Amino acid sequence: MSEQSHFEELRDVNVWVSLTNSKLDIASVISRVKNPKAGAVVLFAGTTRDNFDGKPVTHLEYSSYAPLALKTMLSIAQSVKEKHALTAISMVHRLGVVPIEEESILIAVSARHRQAAWKGGEEALELCKEKVEIWKLEEFEGDEGGVWRANQDGKGGV
């Protein structure tokens with residue numbers, strides 16, 4: 001994937017989902033969900049760690065079929081917003097190479113009360129990892145190379 005910045009977004013009322021090749025901006029994701037009616041804002045930041053099953057990881061690389069992934073993300077965000085009576089939700093996933101300690105996904109939600117925000121944010125993350133058409137390549141140090149995985153914790157990929 002090229003280093004050129006690329007950004008795609010879909011939105012609905014107080015719902016934003018996007019895919020980008022650029023470094024993620026936590027402040028901008030939080031600012032989308034802030035609202036005077038919301039007493040709670042919850043942010044999840046998924047960050048590239050330096051190992052998997054004890055093997056040193058050099059970086060992750062994410063790939064997707066963007067038109068379908070965005071539609072799936074929008075559907076998840078709309079559903080979670082309604083189910084948990086969220087004020088707003090924003091989900092952004094990075095594509096391409098994501099170095100160690102950088103974020104690959106940000107999910108921010110706001111709600112009148114903290115319980116709804118906590119539950120809604122967690123459900124949005126789990127559904128995103130389960131359903132969105134995004135795959136990751138884990139690159140390991142040494143001669144082992146990389147392993148493609150579905151964008152789910154430790155599950156084999158395509």
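1. Five strands make up an open sheet of mixed pairing, ordered 1-2-6-8-3. Because strand 1 (7–12) and strand 3 each have a single partner strand, they stand at the edges, and one side of each has no neighbour in the sheet. On average, neighbouring strands here are turned by 10° against each other, direction ignored. On terms: strands (E, at least two residues) and helices (H or I, at least four) are DSSP runs numbered from the N terminus, and two strands pair if DSSP finds at least two bridges between them.

2. Before going further, a word on provenance: this is a predicted model, where local features need pLDDT of at least 70 and side-chain atom pairs count only at pLDDT 80 or more, while totals for chains, interfaces and linings use all residues. Residues are numbered from 1 along each chain as its sequence is written, and side-chain values use heavy atoms, with hydrogens and water left out.

3. Inside that sheet, strand 2 (residues 15–20) and strand 6 (residues 86–94) run parallel and are joined by six bridges. Val-15 stands opposite Ile-89 of strand 6.

4. Two helices lie across these strands. Helix 1 (residues 26–33) lies across strand 1, strand 2, strand 3, strand 6 and strand 8 (103–111), at about 25° to strand 8. Helix 3 (residues 114–131) lies across strand 3, strand 6 and strand 8, and its angle to strand 8 is about 145°. The angles are between N-to-C directions, from 0 to 180 degrees, with axes as lines fitted to C-alpha atoms, for helices over the stretch in contact.

5. Val-17 is worth a look in strand 2. Its relative accessible area is 0%, so Val-17 is buried (under 20%; exposed is over 50% and partly exposed in between, with a 1.4 Å probe and protein chains only). Leaving out residues up to four places away in sequence, Val-17 touches Glu-8, Glu-9, Leu-10, Leu-70, Met-73, Leu-74, Ala-77 and Met-91, where contact means heavy atoms within 4.5 Å.

6. Now to strand 5. Strand 4 and strand 5 (residues 55–64) run antiparallel with two bridges between them, and Phe-52 stands opposite Lys-55. Two residues separate the strands of this hairpin, and Asp-53 there takes a positive phi near 50°.

7. Strand 5 also runs antiparallel to strand 9 (residues 134–140), with seven bridges, and to strand 7 (residues 96–99), with four. His-59 shows up in both pairings: opposite Glu-139 in strand 9, and with Pro-99 as its bridge partner in strand 7. His-59 and Val-17 are 42 residues apart in sequence and 24 Å apart in space, C-alpha to C-alpha.

8. Last, Thr-48, which sits in the loop between strand 3 (40–47) and strand 4 (51–52). Thr-48 is buried because its relative accessible area is 3%. A polar atom of the Thr-48 side chain lies 3.4 Å from the backbone oxygen of Val-98. Beyond four places in sequence, Thr-48 touches Leu-60, Val-98, Pro-99, Ile-100, Glu-101 and Glu-102.

Terms used
Polar contact = N/O pair within 3.5 Å; in protein donor to acceptor, adjacent residues only side chain to side chain.
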